[in-house]
Amino acid sequence: EAEIAELERRVDRADPLHRHALAKARYSLHYHRGGFGKAVPELREALATVGIAEPGHQALHDSLRVDLLVALGFAGAHAEARDEAERLIDEAGARPGDHGLLVALTQVAVARSLSALGDEERAEALLLQARPVIVERLGENHTRHLGLLNELMAVYFRRSDWARALPYAEQVHQRIRERLGESHNASLVSRGHLGRVLYEMGRFDEAAVELRAAHTALVDALGAE
């Protein structure tokens, strides 16, 4: 945060290269802190200037658009996320070459918004369709696959289908913990999700262990808010 503040003092706001670098730095900070509402305008600025800062870098442009979908979903702009996802999937289909991975990542990114809009069956279908593509291209333990498993867990959680939600919650927490370590924020959040599923199943003592540990560590890492 201090480095971004220093960057803000030194950039030339009239220079699109500087604005692009600053927007990417800001969005990354907000995004990984869970401040998705703040990340959205920075992602839009990064997208508006990426063609100048990184001409011809289609992969970066696509990656920013997928992150924008995720941020919109977590920020509650679900209809906007759905519409943006449909545009990106249509564009990918019209390009020459194989863009199956981009389509799969887009499907995962928009699933939360589709569920929030009441289209849970489509959200589940897109996640199941995307899964073999992501596993084949990126591997079982890639963070994108873990995100997909987490979204499947969320679909079943919203349906109160605890028996189907629990294995995904357990799997996500185990894999994130093994990949990133016990104290990583993502591990703690996934532990909290596991605790919530256990709580809803009536397994209160087990839930309390997971939730208390996750809450205490997250407060220490991120603050009470």
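This is a predicted model: local features need pLDDT of at least 70, side-chain atom pairs count only at pLDDT 80 or more; totals for chains, interfaces and linings use all residues.
The largest nonpolar core has 54 residues. Seven names stand out for having the most contacts inside this core: Tyr31, Leu64, Leu127, Ile134, Leu148, Met153 and Val197. For Tyr31, the contacts beyond four places in sequence were listed. The partners are Phe36, Ala39, Asp67, Val70 and Ala71.

Aromatic rings were examined next. The count comes to 6 aromatic pairs. One of them joins Phe36 and Phe74. The ring centres of Phe36 and Phe74 lie 4.6 Å apart, and the planes meet at 20 degrees. Planes under 30 degrees apart count as stacked, so the Phe36 and Phe74 pair is stacked. This pair links distant parts of the chain. Phe36 belongs to helix α3 (residues 36-53), and Phe74 to helix α4 (residues 58-75). The two residues are 38 residues apart.

Phe36 has a relative accessible area of 14%. The cut-off for buried is under 20%, so Phe36 is buried. Phe74 has a relative accessible area of 40% and is partly exposed.

Tyr199 and Phe204 also form an aromatic pair. Their centres are 5.4 Å apart, with 55 degrees between the planes. This pair is tilted. Tyr199 is partly exposed, at a relative accessible area of 46%.

Tyr27, Tyr31, Phe36 and Phe74 form one aromatic cluster.

Note on methods. Residues are numbered from 1 along each chain as its sequence is written. Side-chain values use heavy atoms; hydrogens and water are left out. A nonpolar core is a set of buried Ala, Val, Leu, Ile, Met, Phe, Trp, Tyr and Cys residues joined through side-chain atoms within 4.5 Å. Buried means under 20% relative accessible area, exposed over 50%, partly exposed in between (1.4 Å probe, protein chains only). Contact means heavy atoms within 4.5 Å. Rings of Phe, Tyr and Trp (its six-membered ring) pair if their centres lie within 6.5 Å; planes under 30 degrees apart count as stacked, over 60 as edge-to-face and the rest as tilted. Helices (H or I, at least four residues) and strands (E, at least two) are DSSP runs, numbered from the N terminus.
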